[in-house]
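Biologist: I am new to this one. Could you show it to me and take a few questions?

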Amino acid sequence: MIDYLIVGCGLAGISFAEKALQHNKTILVIDNDSQSSSKVAGGLYNPVILKRFSEVWEAQSQLLTMNAFYAQLNSKIDRQFDFKKPILRKFFSIEEQNNWFSASDKPNLTPFLSSDLHFKEYKGITAPFGYGEVLHTGYVDTASLLESYRNYLVDTDRFRQESFDYTAINFEDNCCIYKDIKSKHIIFAEGFGLHLNPYFNHLPIDGTKGELFIIKAPGLDLDVILNTSVFILPLGNDLFKVGATYNWKDKTDLPTEEGKTELVARIQEIIDCDFEIVSHFAGVRPTVRDRRPLVGTHAVHKRIHLLNGLGTRGVMLGPAMADALYNAIEHQIPLVKEIDIQRFANKNK
């Protein structure tokens, strides 16, 4: 018998898998490549919601957990996934500068927003009003991370590529039996695929489609991440990742002309040099209407659990939410109500 059968190998799934392995638990991960949001994610981590100048929920503790998690993974797999890099907000007016100063004076934002304006000139960008710098930021190369971690799981006989058959679970007192696997617990981490899960699909997962580009812009010289209406992330060799759009109606992972037009217009607002679209991709983020993750245990079947709803902040949320779920299962430490799926217990039945 293994300790954990984990369904899904995106950011949520590998966060829990690694947490379990760190505690010498036995695991098996099943994934069918149907969900692409973690692979195509921008991968940025940023403790501030710049649109509203508000702190990300539990940002300080999430950053601590995240930093330790990726440092351990970098060492374990001997490859760097976490890249510390400043995020600059380009200002378009004096009013935006003033709003920044007001926000940076707020006690909860002071640790994250520099009060010094930046006026460095970047080739390909005109910014007469300068930039504001967000602190404790960077990005995770999610595509490389997921590929490397999956290879690690394959090499250690901890991975199966197949579609999960929800009808094949048999519940025993001390375990779940799934086909030829006996496991003490099953962790569902399927992202937007949750809507196909009969045990948890009553929960309000509301996929939000995002589209991104890789562009080539030889006339753009940038060694930081710009984040205004879209982010521009330098990748080297004149390549930049740009995103992202938000579409609450389209639940496919196919790039669209509408998304392309929107991204091109937003890029042209920020930079004033030519660029070429090298690739265009899309994914559906697993978002929740109250903007909090979905974590917890099934109300009837106490050996099946959920880790989902990481939304647009999976690289920050994943490790912390995996910790919370693991501690709830292994040590009976209650989940905080903001993330516990029991907050929806009396709704949508």
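Predicted model: local features only at pLDDT ≥ 70, side-chain atom pairs only at ≥ 80, totals over all residues.

Biologist: Where is N24 found, and what is its phi?

Modeller: N24 sits in the loop between α1 (11-22) and β2 (27-31). Most residues other than glycine have a negative phi. N24 is not a glycine, yet its phi is positive, at about 60°.

Biologist: Is S114 buried or exposed?

Modeller: Look in the loop between α4 (94-104) and β8 (131-134), where S114 lies. Its relative accessible area is 13%, and the cut-off is under 20%, so S114 counts as buried.

Biologist: Which backbone nitrogen does the side chain of S114 reach?

Modeller: S114 touches W100, S104, E133 and L135, leaving aside residues up to four places away in sequence. At 3.1 Å, the side chain of S114 also reaches a backbone nitrogen, that of D116.

Biologist: Which residue does a cis peptide bond join to G243?

Modeller: Most peptide bonds are trans. Here the omega is about -5°.

Biologist: Which residue in β20 stands opposite L294?

Modeller: Strand β19 (residues 294-297) pairs with strand β20 (residues 304-308) in the antiparallel sense, over four bridges. The two strands form a hairpin, with six residues between them. Opposite L294 stands N308.

Terms used. Residues numbered from 1 in each chain as written. Heavy atoms only, no water. Buried < 20%, exposed > 50% of the residue type's maximum accessible area, 1.4 Å probe, protein only. Polar contact = N/O pair within 3.5 Å; in protein donor to acceptor, adjacent residues only side chain to side chain. Contact = heavy atoms within 4.5 Å. Pairing = 2+ DSSP bridges.
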